[in-house]
Amino acid sequence: DGHSQLSAYERKRLKNITENAKFFAALKLHESAARLHQIATKSQAHATKRAKPKKAEDETVRRRSRRLQKVEPSGIPMPETPAQPEAEEYPQVPAGPLPMLPEDQMENRMLAEELLTTWMSISEVLLVTVHRYQEGLSRMALSEQNIRKVVKYRVCSVAIHPAESITFVAAGDKSGQIGLWNVDCKSEEAAHVFIPHSSHVSCMHFSPFNPAHLLSLSNDSLRCGDVTRAVFDEICRSEDLSSFDFLDSNACTAVVGHWDGRVAVVDRRTPGTSPELSADIGFKRTRTVHVHPVNKQFFLAAGSGDVCIFDVRRLKPSRNKPLSSLDGHMKSVASAYFSPVTGNRVVTVCADDRLRGTLLSLFFPRLLSRRRNTNTGRWLTRFRAVWDPKREDCFVVGSMAQPRQIELFQDTGKLLHAFCSPECLGSVCSINALHPSRNVLVGGNSSGRLHVF
């Protein structure tokens, strides 16, 4: 054969090629590839290319507004770039005071004077409001139907429900009784007495968050009367409690004063009846505590000649120092309260026969220091000057004057009105309260009677 001249390796390679060719021929791969190529060529021939749409020559031109074309309505083209205005020179104003004259003083001077007169009149709203306020006070009268013995003994605290539809009041006496009275109901069943405490109820407030709760404090406990459940819950049990006030708007926490000088922080949400914190503020006696109406971390404490402002966030068990002190009280202080709107004023009643009002500014200027008889003796509850919740500058306080009366002062010391009725009011009303939105005054005397003006 023709492969005799080849080496053994070459002959083996050729033999492998021949066998592989026979194997691929048996699989008919070449015929399958040719058939697929014919199919692909035929499909490409039948495919049609998408023709691009030709732009119509008669296509309608899209309308554009003259503003976009920068053309005036008259058809005149606008300039591409607006002309730069020349630098305007403003008149130089001289230093010092200037008369309040309008720019066009020659043409519209009368109109300008009317405008300034309006400005001045609306700026005198405080004076007008005080005048109208006095008119409203003069219409408040006392009648026999609005006098009732609500508790058995001397009234030590009074609270008015904030409802505007009816007049509903509560009074606490020295024995632990709490009397509730619907003043608008003239029947004998309009008032009832409850006994949730065993000693004098020195402080009482309807909850500002839920008026269905009446919180009352006696010497040994702080309780919450819940009318929805008809129960007096015990919030705190301790000794020598004197007064309390709410530390937040939802009435969950409160600062509590003690007769031995301490103060405590109570949280109604925690279980048990122990306070969260008890702090020694350095007082011999803490008679009243009152929380600032805006900055509720501050509270005012009053006691034996001491009137100080503290920060509840900085309280610790001992060695507490006040943020500031209101000096000048020669004897024990019966009460000290912030003004209800801004808290910028403080009114105090002191046993040195002085009624004091202080403006809380840098130097604590005194608004008033009015001499009046505050010596009530042992049979009467000590006077407390309480603010009218509707105003920032007026407060009410009991009086030893004859005929018997309840006096309402402005923070400057001016007597705005004296609530008196020689036919109906014949006793001293030491404890008083004003309705938060209506012209209603409630005064309590030493025989357990309430007088509603």
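Visitor: How many residues line the second largest pocket, and which of them lie nearest its centre?

Guide: The lining of the second largest pocket has 15 residues, and those nearest its centre are Leu-180, Gly-225, Asp-226, Val-227 and Phe-232. A pocket is an open set of points on a 1 Å grid over the protein atoms alone, with protein on both sides within 12 Å along at least five of seven lines; lining residues have an atom within 4 Å of a point. Please note that this is a predicted model, in which local features need pLDDT of at least 70 and side-chain atom pairs need 80 or more, while totals for chains, interfaces and linings use all residues. Residues are numbered from 1 along each chain as its sequence is written, and side-chain values use heavy atoms, without hydrogens or water.

Visitor: What is the volume of the second largest pocket, and which strands supply its lining?

Guide: The second largest pocket holds about 280 Å³ of space, a volume being the space filled by probe spheres set on grid points joined across faces, edges and corners. Three strands, S7 (213-217), S8 (221-226) and S9 (231-237), each give at least two residues to its lining. Strands are DSSP runs of E with at least two residues, and helices are runs of H or I with at least four, numbered from the N terminus.

Visitor: How many cavities of 30 Å³ or more does the structure hold, and which residues line the largest?

Guide: A cavity is a set of grid points where a 1.4 Å probe fits but cannot get out. The structure holds one of 30 Å³ or more. The volume of the largest cavity is about 40 Å³. Its lining consists of Leu-215, Leu-222, Ile-235, Phe-246, Ala-251, Cys-252, Thr-253, Ala-254, Val-266 and Arg-268. Of these lining residues, eight are nonpolar, one is polar and one is charged.

Visitor: Which residues of the largest nonpolar core touch the most other members?

Guide: Nonpolar side chains tend to be buried together in soluble globular proteins. A nonpolar core is a set of buried Ala, Val, Leu, Ile, Met, Phe, Trp, Tyr and Cys residues joined through side-chain atoms within 4.5 Å. The largest one has 32 residues, and Leu-355, Leu-408, Phe-419, Leu-441 and Phe-453 touch the most other members. Among the elements that each supply at least two residues of this core are helix H4 (125-138), strand S18 (333-338), strand S24 (405-410) and strand S25 (415-420). Strand S23 gives the most to this core, with four residues. A second, separate core has 17 residues, including Val-151, Ile-160, Val-440 and Leu-450.

Visitor: Which residues does Phe-419 touch?

Guide: Contact means heavy atoms within 4.5 Å. Not counting residues up to four places away in sequence, Phe-419 touches Leu-137, Met-140, Arg-404, Gln-405, Ile-406, Leu-408, Leu-425, Leu-441 and Phe-453.

Visitor: Where does Ile-431 lie, and is Ile-431 buried or exposed?

Guide: Ile-431 belongs to strand S26 (residues 431-434). Ile-431 counts as buried because its relative accessibility is 5%. The C-alpha atoms of Ile-431 and Thr-381 are 7.3 Å apart, although 50 residues separate them along the chain. Beyond its neighbours within four places in sequence, the contacts of Ile-431 include Val-155, Val-158, Thr-381 and Val-442.

Visitor: Where does Ile-147 lie, and which residues does Ile-147 touch?

Guide: Ile-147 is part of strand S1 (residues 147-149). With a relative accessibility of 18%, Ile-147 counts as buried. Leaving out residues up to four places away in sequence, Ile-147 touches Leu-142, Trp-181, Cys-424, Arg-449, Leu-450 and His-451.

Definitions and conventions:
Buried < 20%, exposed > 50% of the residue type's maximum accessible area, 1.4 Å probe, protein only. Nonpolar A, V, L, I, M, F, W, Y, C, P; charged D, E, K, R; others polar.
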